[in-house]
Amino acid sequence: MKHFYLNKRLKFIFFELVFSFLIIAFAAFSSVNYVQNKTDKAYTDFAQLLTKLIAVEIVDLNNLYPDTQQRLLTDKFEDFLAANKDISYIEYKDTNNNIIYSSKKNNQTKEDETMLNVSSPIFFDNQVKGSVSVGMTGKGIIPVNIDIKRNLSLVFPFIWILFALILLLNLFLISKELKKLFQVVNQITSGKFGFNVKSGNIEELTEAFNDISNLLSVYDEQNVEQLTLERNKLEAVLMSIINGVIVCDNYDKVVLANSAALKMLDTEEKHLINTKIQEYTDSHGQQCFFDKIEEFKDTPLNIIEQKPVEFNIEAGKLTVKAMISPMFSKQQEYVGYIIVLIDITRETEVNKLKNTFISNVSHELRTPVTVLRTYIDTLCNNGDDFDDATKKEFIQTIDTEAKRLHSMVNDILDFSRLESGNVKLRKEYANITELIKQNINSIQILADEKNIKIEYKQQGEIPNIPLNIESMDRVIRNLLSNAIKYSLDGKNIEVSVKNSEDNQYVEFSVKDNGIGIAKEHLEKIFDRFYRVENATHTIKGTGLGLHLVKMTVEKHHHGKITVESKENEGSVFTVCLPLLTDEEELV
């Protein structure tokens with residue numbers, strides 16, 4: 001601002017100097033002409049007066065010396081010519097215009113220098129008896145005119161230079177005062193109030209400025225603490241929000257981003273703040289915000305307020321839902337936009353698992369239903385053509401598929417029931433070892449089909465613990481059936497039961513020597529609908545079994561379940577159940 005003012009002021013002074021020079025030059029020219037006209041008029045009056053004096057002299061000589069008039073006049077005229085260099089010639093004529101005396105013949109050179117001719121009549125007894133003419137060279141007036149021009153040519157430039165110096169001095173003094181003001185303005189704009197300027201040539205301005213500075217200082221002292229508190233509250237709220245928030249100005253620059261947003265985008269504050277949000281690239285190297293921000297800008301504000309722009313981006317291992325909404329000031333002026341980021345990785349995975357679950361369940365249900373319909377239809381239409389052994393085989397197949405269908409339906413129903421938040425399983429004190437042995441005996445037939453031996457081991461006396469027998473029976477049967485399904489033919493399964501070292505839990509584990517589970521799947525093996533599919537693990541299922549086991553053990557029995565596994569070496573599932581429970585959960 002200072003440079004702008006000075007440049008503007010310098011231009012104004014330049015025009016002032018040019019204009020003043022023109023005015024002074026015009027005044028000087030006019031003054032010279034005026035003085036020269038006055039001196040020329042005075043010189044003409046002087047010539048006329050001299051001519052009249054000569055005419056009077058002729059009259060006097062004629063009256064006093066009529067006989068010697070001619071000689072005296074000649075002497076007189078020659079004395080005039082010799083004494084006065086301004087007279088170039090004198091000529092005396094009578095009434096008939098006859099030349100009585102003329103100096104032109106005697107001094108032709110001087111006559112050529114004549115600048116002014118003046119004539120005057122000669123009166124004798126109040127009658128004109130002739131005339132006298134005088135030529136003036138102007139030698140007396142020319143030096144005067146030259147001196148006047150020289151003096152004026154010196155005086156007027158001096159006046160102009162003095163005027164210019166005054167202007168420049170004024171500029172210097174004002175600039176000096178403004179420089180002080182600019183310095184204090186810079187301090188105030190940086191947030192440092194209370195600075196004062198010493199009074200100078202612009203005393204009223206500095207006093208007014210000092211008053212403003214002092215008022216700002218008082219206002220700042222009164223409000224800075226409150227403003228800081230409010231800002232800290234706002235930042236604390238923003239930073240504590242679980243969703244990511246990015247604030248961008250009207251020029252797409254990021255001015256604020258909370259920690260959740262930085263974490264979701266897998267970046268640092270220094271790499272995001274003051275950069276254009278369109279420049280951010282996702283895990284695939286794509287500018288994921290660019291097209292959507294252009295779409296946001298191309299959409300009218302009244303529409304975008306009702307329906308923000310929504311889209312998903314991939315940030316590392318996360319799937320993030322982004323919503324862009326406009327931001328307005330208190331005066332309802334558009335000042336930028338806010339991007340809200342929501343981590344939907346879990347929901348995306350669940351949706352994917354649900355789709356897989358539906359596909360698996362559809363396939364699993366379709367297979368037994370198809371088998372049942374085929375076998376039943378065959379027996380109904382062609383039963384008389386089969387012998388008893390074939391009919392028995394058909395009936396056993398129908399029974400097996402019906403049990404399989406029943407098991408899947410139970411899994412789905414149990415999942416729906418146990419997922420409900422208000423379900424509480426009633427418990428009674430029971431001996432879990434008996435429940436384990438019963439399940440081993442009932443499932444032994446499946447183990448025999450793969451030549452698998454189930455070994456049972458018990459350490460010490462196992463006390464009765466609070467159980468919901470039906471749900472815990474499903475847990476044990478699920479772990480045993482999985483161990484059989486994923487074990488290789490001829491391998492053994494170990495089931496062990498013992499008390500925990502602190503005597504707070506009963507632990508039982510199921511160990512197989514099967515194909516095992518890869519490390520990357522262990523963390524998700526208990527997730528609902530999750531299925532491990534690879535070259536060796538192709539057994540179909542709903543993906544609900546282990547999820548129901550975990551929910552039954554941890555949510556409804558307040559215990560815990562863990563798994564240890566290595567590929568091609570087998571797996572160990574361990575369940576810990578507490579010895580005590582709340583009285584209200586007992587039957």
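Predicted model: local features only at pLDDT ≥ 70, side-chain atom pairs only at ≥ 80, totals over all residues.
**Strand pairing and hairpins**

Lys453 has Asn492 as its bridge partner in strand β13. That contact belongs to the parallel pairing of strand β11, residues 453-458, with strand β13, residues 492-499, which extends over 6 bridges.

**Pairing around β13**

- Besides its parallel pairing with β11, strand β13 is joined by 6 bridges to strand β14, residues 505-511, and these two strands run antiparallel.

**Pairing around β4**

- Strand β4, residues 127-136, pairs with strand β1, residues 87-94, in the antiparallel sense over 7 bridges, and on this side Gly130 in β4 stands opposite Asp94.
- Strand β4 also pairs in the antiparallel sense with strand β3, residues 116-124, over 9 bridges, where the bridge partner of Phe123 is Val128 in β4.
- The hairpin formed by β3 and β4 has 2 residues between the strands, and Asp125 in its turn has a positive phi of about 55 degrees.

**Side-chain directions**

- As a general point for reading these strands, side chains in a regular strand alternate between the two faces of the sheet.

Terms used: Residues numbered from 1 in each chain as written. Heavy atoms only, no water. Pairing = 2+ DSSP bridges. Helix = DSSP H or I, 4+ residues; strand = E, 2+ residues; numbered from the N terminus.
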